[in-house]
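Please consult the sequence and the structure shown here.

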Amino acid sequence: MLNGLSRRGALTLLLVVGLFLRNLDCQQTSFVDRVQPPAYDRTEGNSEYAPQAYVEGQVNVPQYEPGTESSEYEAQDPVEFSQYGNLAAQRQVEDPVPEADEKPVEFPEVDRGEGGTHPVQPSNENEESPVVDGVSPANGPTKGGAIVTITGQNFGGGDEKPEPVVTIGGVACPEVVWESRTAVLCETPAGVGANRPVVVSVDGRASGAAPTARFDYDGPSVFAVRPGHGPAAGGSIVTVMGADFGASNSNPSVTIGGRPCLSVVWLSESQLRCVAPAGIGIGDVRVFVLDQASPDDFGTIFEFDPPEVLRLVPDHGPTDGGYQVTVEGRNFGVQNSQPKILVGGSGCAPALWLSDSALRCSVPAGTGG
């Protein structure tokens, strides 16, 4: 009797343990976290059905990530579900159709021969080219940066705001703002010279040349020269200060007293450096950039040092005169300076220029020392 009960208890215990283990097995394999219809097998012959599904959280089970192509899972082993069966195999999967928030613009198609058809893009062939009627202000500094208003016609418009391109003297404005079909704003680029053509382009169509489509860069101005004087023989290095010499080297030239300054070096829009020429007296300083020049009566001058006599050779002679003497010194100017020499208050003539440091003349009659 006791053995029978023990045997029965053992069987009951084994049954309980078996059910417990089976329950654990079901928990591990039967509870599906999610079924992934997009992760279907696209191998040949299985393009319409999904014979497998994937379970999240299982070891060695692939995880489906949004946007991942299902073909990445084709080599993986499917997970079978004993309790639920192959649920995904009973479901037909169709390729998803993307939602269209906006209807795409459809262009008409035309025959292009054997290759089929292709869409025709919108054309602006009926649009007229821009026309520039005026530029205001019509001048500005050579360094650029001035804001000008360009008025005219056919500057674009419609559903989309156009993006016109403006050039002055062939150089594009760094900033352009479309105002309307008849007006655009432009920040002028750096440049030099007068009568620079202004061109407005919209959708590849450019305005033509017109007397009203012109812009003048301001001509150069000279404010000061340092140093303000130098030897008559020239050779002193001077710095010319002013404005509108050009934002870059435009091969400017400088004159002092009408004579060209040598070895002109562009330093900036407001400074030049050069070697003073030979000269006498006082000379205006002028700067030339392309076809423009600073005023000739602006009042900026360079003064050549006055002549200085150091000695006469010979330094004495008969009172009746008539003999020649050489006057030695400096700052006697240039060959055509037409020097005048006085000895004892009387003219020593004719005066002959030998160099910046020597003159010769015939001594007049006189007395005294």
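A residue is termed buried under 20% relative accessible area, exposed over 50% and partly exposed in between, with a 1.4 Å probe and protein chains only. This is a predicted model, in which local features need pLDDT of at least 70, side-chain atom pairs count only at pLDDT 80 or more, and totals for chains, interfaces and linings use all residues. Residues are numbered from 1 along each chain as its sequence is written, and side-chain values use heavy atoms, without hydrogens and water.

pLDDT is the predictor's confidence in each residue, from 0 to 100. Its mean over the chain is 76, and 65% of the residues reach 70 or more. Over residues 104-125 the pLDDT is below 50. Where pLDDT is low, the predicted coordinates should not be read in detail.

A disulfide is a pair of cysteine sulfur atoms within 2.5 Å; the whole structure contains three.

| Pair | S to S distance |
|---|---|
| Cys173 and Cys186 | 1.9 Å |
| Cys261 and Cys274 | 1.9 Å |
| Cys348 and Cys361 | 1.7 Å |

With bonded cysteines counted along the chain, the pattern is 1-2, 3-4, 5-6. The S-S torsion of Cys173 and Cys186 is about -70 degrees, so this disulfide is left-handed. For Cys348 and Cys361 the torsion is about 90 degrees, so that disulfide is right-handed. Cys348 counts as buried because its relative accessibility is 3%, and Cys361 is buried at 1%.

Strands are DSSP runs (E, at least two residues), numbered from the N terminus, and two strands pair if DSSP finds at least two bridges between them. Four strands form an open antiparallel sheet in the order S3-S5-S9-S8. Strands S3 (131-136) and S8 (175-180) each have a single partner strand, so one side of each lacks a neighbour in the sheet.

Conventions:
Contact = heavy atoms within 4.5 Å.
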